[in-house]
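The sequence and structure come first.

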Amino acid sequence: MERKIKLKTLNTHITCEICRGYLVDATTVTECLHTFCKSCLVKHLEENNTCPQCQLVIHQSHPLQYISFDRTMQDIVYKLVPNLQDNEMKREREFYRLRGLPCPKDILPNAGDTDGEKLAADQVAEADCHRMDEQVNIGLECMVANLKTLKRKFVRVSSQATITHLKKFIAKKVLDGMEKYKDIDILCNNELLGKDHTLKFVYVTRWRFQDPPLRLQYRPKLDL
């Protein structure tokens, strides 16, 4: 049986905390996974290095390197909000037209090598840019008996995901709360891994000459 839900009940999940409007070019902070409009977030990070929502320090000197476009969230927003995508595309084209510049979303990557110079808006919308980055297979093993084990210990994730992302995933599954991720340590070959290490970095430096999947261990954080 279908159940209709009013859009306003979802607004808190699909609006930007900075401008209070619907997300446009949704961009997520990789450290805390809070999402904002790209233009809002970039403007904020020009003078700050913290998340606008939770005030977590993203990076002391280069916070813009720790944000990324969230294709999945943006697709959700466009599907939920009527005419938002068309209206934003018109506004963007008008912005560049008034300045005598081509709209970046209308330019093909190799325009000089193709028959056309423009990519239609419907082609842009249908282009699948999700999960096109390199993937890493991981096996996650619990090191202690007093901590729940994962029901599915093998996962496949982006090579650009960090150890912090894995900590949040594990905390949500075994500690019943993603906010408890700081209570988890992750190790590879019994070596503690830094929170900012990407899985690509871990694979190349700790697992390069071993067979996949990359095997990692997790345990409660040790009190030193």
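The structure is a predicted model. Asp 176 sits in the loop that links H6 and E6. Its phi is positive, near 60 degrees, although the residue is not a glycine.

Asn 190 belongs to the loop between E6 and strand E7 (191–192). The phi of Asn 190 is near 65 degrees, again a positive value in a residue other than glycine. With 63% relative accessibility, Asn 190 is classed as exposed. For context, a negative phi is found in most residues other than glycine, and most peptide bonds are trans.

## A cis peptide bond

The peptide bond joining Pro 212 and Pro 213 is cis, with omega at about 5 degrees. Pro 213 is located in the loop between H7 and E8.

## Nonpolar cores

The largest nonpolar core comprises 24 residues. Those with the most contacts inside this core are Ile 138, Leu 140, Ile 184, Ile 186, Leu 214, Leu 216 and Tyr 218. At least two residues of the core are supplied by each of strand E4 (135–142), helix H6 (163–174), strand E6 (184–188), helix H7 (199–206) and strand E8 (214–220). H6 gives the largest share, five residues. Another core, of 20 residues, lies apart from this one and includes Ile 14, Cys 40, Val 81 and Leu 84.

What does Leu 214 touch, leaving aside residues up to four places away in sequence? The contacts of Leu 214 are Val 136, Asn 137, Ile 138, Gly 139, Cys 188, Leu 199, Val 202, Tyr 203 and Trp 207.

## The three-stranded sheet

Three strands form an open sheet in the order E2-E1-E3, and their pairing is antiparallel. Strand E2 (35–37) and strand E3 (67–69) are at the edges; each has a single partner strand, so one side of each has no neighbour in the sheet. On average, neighbouring strands of the sheet are turned by 35 degrees against each other, direction ignored.

Three bridges connect strand E1 (residues 26–29) with E2 in the antiparallel sense. In one of the pairings, Thr 28 has Thr 35 in E2 as its bridge partner. Helix H2 (residues 38–45) lies across E1, E2 and E3 and runs at about 100 degrees to E2.

Methods:
Residues are numbered from 1 along each chain as its sequence is written. This is a predicted model: local features need pLDDT of at least 70, side-chain atom pairs count only at pLDDT 80 or more; totals for chains, interfaces and linings use all residues. Side-chain values use heavy atoms; hydrogens and water are left out. A nonpolar core is a set of buried Ala, Val, Leu, Ile, Met, Phe, Trp, Tyr and Cys residues joined through side-chain atoms within 4.5 Å. Buried means under 20% relative accessible area, exposed over 50%, partly exposed in between (1.4 Å probe, protein chains only). Helices (H or I, at least four residues) and strands (E, at least two) are DSSP runs, numbered from the N terminus. Contact means heavy atoms within 4.5 Å. Two strands pair if DSSP finds at least two bridges between them. Axes are lines fitted to C-alpha atoms, for helices over the stretch in contact, and angles run from 0 to 180 degrees between N-to-C directions.
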